[in-house]
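Me: I am new to this structure and would like to know what stands behind the terms used for it. Please set each value against its definition.

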Amino acid sequence: MTSYTIGVLGGDGIGPEVTEEALKALAAVAEIEGFTYDLVDYPYSGDYYLKTKELVSDDVIDEWRTLDAVLLGAIGHPDVEPGLVERSVILGLRFGLDLYINLRPIKLFADHLCPLKNKKPADIDFVVVRENTEGMYSQIGGHLKKNTPDEVAIVNGVYTWKGCERACRYGFELAHEGKTMGRPGRVTLVDKHNAVRPHDIWERAYHHVAEDYPEIERDHAYVDACCMWMIKNPEWFDVIVTTNLFGDIITDLGAMLQGGMGIAASGNIHPGQTSMFEPIHGSAPKYTGKNIACPLGAIASASMMLDFLGENAAAKRIDTAMETLLKSGKVKSADARSGIATDAMGDMVVELIRGA
Ligand code: IPM
Ligand code: MG
């Protein structure tokens, strides 16, 4: 029987609550599909930092490398300096394990979840391939004369040929497989190479990779226009490849197209190596402990993890259960206002997994 070692970082706020539900779904599909796993818990979070002053060390990152995958809930605490723990844990994983792809599917499961008029599930079904280790997230930069009237703040957007090339290649491979759209797809490069001239490295890397995929339609949108098209004609998109920061921004917009922050999932991936899966929402402190956060993003992230591990049937079971639940109309919205408790929603998914 195949067995996996999975690291679990529940994190802060609603993170542990939604992760609990993802683990319930994981347990149910493992039993049905016949694989086993060990869970290794990690305490790193804002909460843990306040108690211990401990952040993620290089040794911990080395230990993570030995896992098959990591499941993360959410990181961020209102009493900790903004970004400190997020950079340590989330960027620690992304940069430390060189998880160069942030794969974010934008899929509408049921009509009533979409805030757009006249858009159906067939219209909203694409993936964003967000470069995940470079760009404005490079952490290269700093301040001069901080907290004075002469302050200067500099942040460097870093784009390497290797980073652009491998992100584009991943996007073209997805389109080639036609996995998400059931046919060879179109790959849209999203950048801002008109105003930010060095972004043309993306354009060149994109067309270089595209040469290897003559059957794939090439497409380009500046990020501002991309936001417009995502609302006006989301059906246009199959695979979007974009920079780290633009990918961060457009996938929150994408989450809304799907029905809410509570449903959007992501995989931080280095093909063939330990990868990390997390809902794209944050720790939502105001909902903590209220048992109202939507666990579907966390559950969908567990499904992405299983797909990555090669447990495709198990992943499919979770997706089908989620789709059935959402199509039933019982879930009004994919957020904290769904009217269904976090654990109750997890139970509903598990019940459908067992029935499927
Ligand atoms: C995301 C988040 C993170 C990001 C934050 C928490 C650092 O917004 O995963 O989209 O900016 O990447
Ligand atoms: Mg984000």
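**Terms and values**

Reply: Arg-166 and Asp-98 form a salt bridge, with their closest N and O atoms 2.9 Å apart. This is a predicted model, in which local features need pLDDT of at least 70 and side-chain atom pairs count only at pLDDT 80 or more, while totals for chains, interfaces and linings use all residues. Residues are numbered from 1 along each chain as its sequence is written, chains are lettered from A and ligands numbered from 1 in the order in which they are written, and side-chain values use heavy atoms, leaving out hydrogens and water.

Me: Why is the pair Arg-166 and Asp-98 called a salt bridge?

Reply: A salt bridge is a side-chain nitrogen of Lys or Arg within 4 Å of a carboxyl oxygen of Asp or Glu. The N and O atoms of Arg-166 and Asp-98 are 2.9 Å apart, so the pair qualifies. The count between domain 1 and domain 2 is 1 salt bridge, and the search of the whole structure finds 21.

Me: What makes domain 1 and domain 2 the parts of this chain?

Reply: The bounds come from an automatic or database domain assignment. Domain 1 is 1-100 + 265-356 and domain 2 is 115-258. Their C-alpha centres lie 24 Å apart. The contact (heavy atoms within 4.5 Å) takes 12 residues from each of domain 1 and domain 2.

Me: How do you know what area domain 1 and domain 2 bury between them?

Reply: Buried area is the accessible area (1.4 Å probe) that two parts lose on being put together, summed over both. For domain 1 and domain 2 this comes to about 1100 Å², 53% of it on carbon and sulfur atoms. On the side of domain 1, Phe-95, Tyr-100 and Ile-280 lose the most area, together 49% of what that side buries.

Me: What makes Arg-94 and Glu-278 a salt bridge?

Reply: The closest N and O atoms of Arg-94 and Glu-278 are 2.8 Å apart, so this pair also meets the salt-bridge rule. Arg-94 is in helix α4 and Glu-278 in strand β12 (residues 275-279), 184 residues apart. Helices (H or I, at least four residues) and strands (E, at least two) are DSSP runs, numbered from the N terminus.
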